[in-house]
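The sequence and structure come first.

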2 protein chains.
Amino acid sequence: MWQLYQFPLCPFSRKVRLLLGEKGVGYDLVRERPWERRDEFVDMNPAAQVPVMVDAERGGVPLIDSMAICEYFEETVEKAQMISGTAANRAEIRRLVAWFDHQFHRDVVGPLLYERMEKRLVHAAAPDAKVLREAMKAAIAHLDYTDYLLGHHNWIAGSTMSLADLAAAAHISVADYLGGIDWKGHEETARWYSGMKSRPSFRPLLAERMELLTPPKHYDDVNF
Amino acid sequence: MWQLYQFPLCPFSRKVRLLLGEKGVGYDLVRERPWERRDEFVDMNPAAQVPVMVDAERGGVPLIDSMAICEYFEETVEKAQMISGTAANRAEIRRLVAWFDHQFHRDVVGPLLYERMEKRLVHAAAPDAKVLREAMKAAIAHLDYTDYLLGHHNWIAGSTMSLADLAAAAHISVADYLGGIDWKGHEETARWYSGMKSRPSFRPLLAERMELLTPPKHYDDVNF
């Protein structure tokens, strides 16, 4: 059985978990606080980041980096292909996964996680209101972009669901948990996200809680 | 003919150019200064980052994000496969590409580019000596890790050359151009890098210069 090292609010681990859920791959969760830089964990992954996946039956060599993990399961599990279509389609899927993992994370999820989670859990400090305001402003601009994408086709990267939808749902859900998303005025994205929330791959994630941090009431409601 | 939007010291564009060179794919260079956020460029890539590739003959839909571009050419051009082997081998190659693109870039190349290039070209300001010292200290620690990898096998990710070597050479070469690499005590990495420098795919990159910025004497010398 695969073991997945993660913590509940890690958007990169959520992306992987959504993919594993869609593909029907089983795994055990291992709770890791990467900011503690536990020796055994850093030995396994010198980058000291989650997600990491290990399967003792397969020699125990860890899979590291969320995109490398997704490509691995895309190559080895045929069910629910999430990087599919022509080479150009696949490039567009990967572009949008990278856009969420880098731009959306840098501007929105990263600052929210630092201010509302890490400062609380690790430093027992108050969040910086200015940084929070900037992150929420960036979230509005970025959801304007997802509205634009979803105004052109049913899913983030085209006419079928792909890894881009899973990456988008992973990042948006963490920002939403941390109170960073204003859903007013983002009808296209809200409609799409309601559909994502109702998927069996997403329900278990939405039921989990991070210690000390309570999400807004609408967070796990499909009809928000 | 493909057009590649880039600037000479962009490590992500260098990774793509090394791959195109190894695969024998021709392209024209288009000089882009992404920090100027030129309207036509942001329309093409909302993330306002290079590299971007466009081929008018193929409908002109841009390829965006360096890893998406590399996967595209890996899928469409059979020559010189750079993400090859078993699924586990391929995961290890992608892990190390991501390690250079994220960790090595965040700790070494990004700060050097900002302090020594962007501050000079855009802000006409002096670099922050403390930030430079930190970046060079991080480079030493990270080259200890590449020494470790290259002490175990001939190439960065295993027994054959892969995209991980191209990513490593791309990032290290930009750091080296900016005077950020101390080669003393990194014999394994220096030997491997000397081999990379002598490749026909790498020679044209090493001959290019960024305006106002002169690299150290050893920069384009194979026997440094």
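In this predicted model, a rotation of 180° with 0.0 Å of shift along its axis places chain B on chain A, with an RMSD of 0.0 Å. This is why the pair can be described by a two-fold axis. Two copies of a chain are, in general, related by a rotation about an axis and a shift along it. Of the interface residues of chain B, 100% are also interface residues in chain A, so the copies meet through the same surface.

The second largest pocket takes in residues of both chains: nearest its centre lie A:Glu92, A:Arg95, B:Val61, B:Pro62 and B:Ile64. The space in this pocket is about 500 Å³, and 22 residues line it.

| Class of lining residue | Number of residues |
|---|---|
| Nonpolar | 14 residues |
| Polar | three residues |
| Charged | five residues |

Which elements supply the lining of the second largest pocket? At least two residues each come from α4 (87-123) and α5 (129-152) of chain A, and from α2 (39-44) and β4 (63-64) of chain B. The most is given by α4(A), which contributes five residues.

One annotation concerns the start of chain A. An unreviewed UniProt entry assigns residues 1-81 of chain A to "domain: GST N-terminal". In the model, residues 1-81 of chain A are 37% helix and 19% strand, and the end C-alpha atoms of this span lie 21 Å apart.

How values were computed
Residues are numbered from 1 along each chain as its sequence is written. Chains are lettered from A and ligands numbered from 1 in the order in which they are written. This is a predicted model: local features need pLDDT of at least 70, side-chain atom pairs count only at pLDDT 80 or more; totals for chains, interfaces and linings use all residues. Side-chain values use heavy atoms; hydrogens and water are left out. UniProt positions are given in the numbering used here, feature names are shortened, and annotations may be inferred rather than shown by experiment. Helices (H or I, at least four residues) and strands (E, at least two) are DSSP runs, numbered from the N terminus. On a 1 Å grid over the protein atoms alone, a cavity is a set of points where a 1.4 Å probe fits but cannot get out, and a pocket is an open set with protein on both sides within 12 Å along at least five of seven lines; lining residues have an atom within 4 Å of a point. Grid points are joined across faces, edges and corners, and a volume is the space filled by probe spheres set on the points. Ala, Val, Leu, Ile, Met, Phe, Trp, Tyr, Cys and Pro count as nonpolar, Asp, Glu, Lys and Arg as charged, and the others, Gly among them, as polar. Copies are superposed by least squares on the C-alpha atoms of residues with pLDDT of at least 70 in both. Contact means heavy atoms within 4.5 Å.
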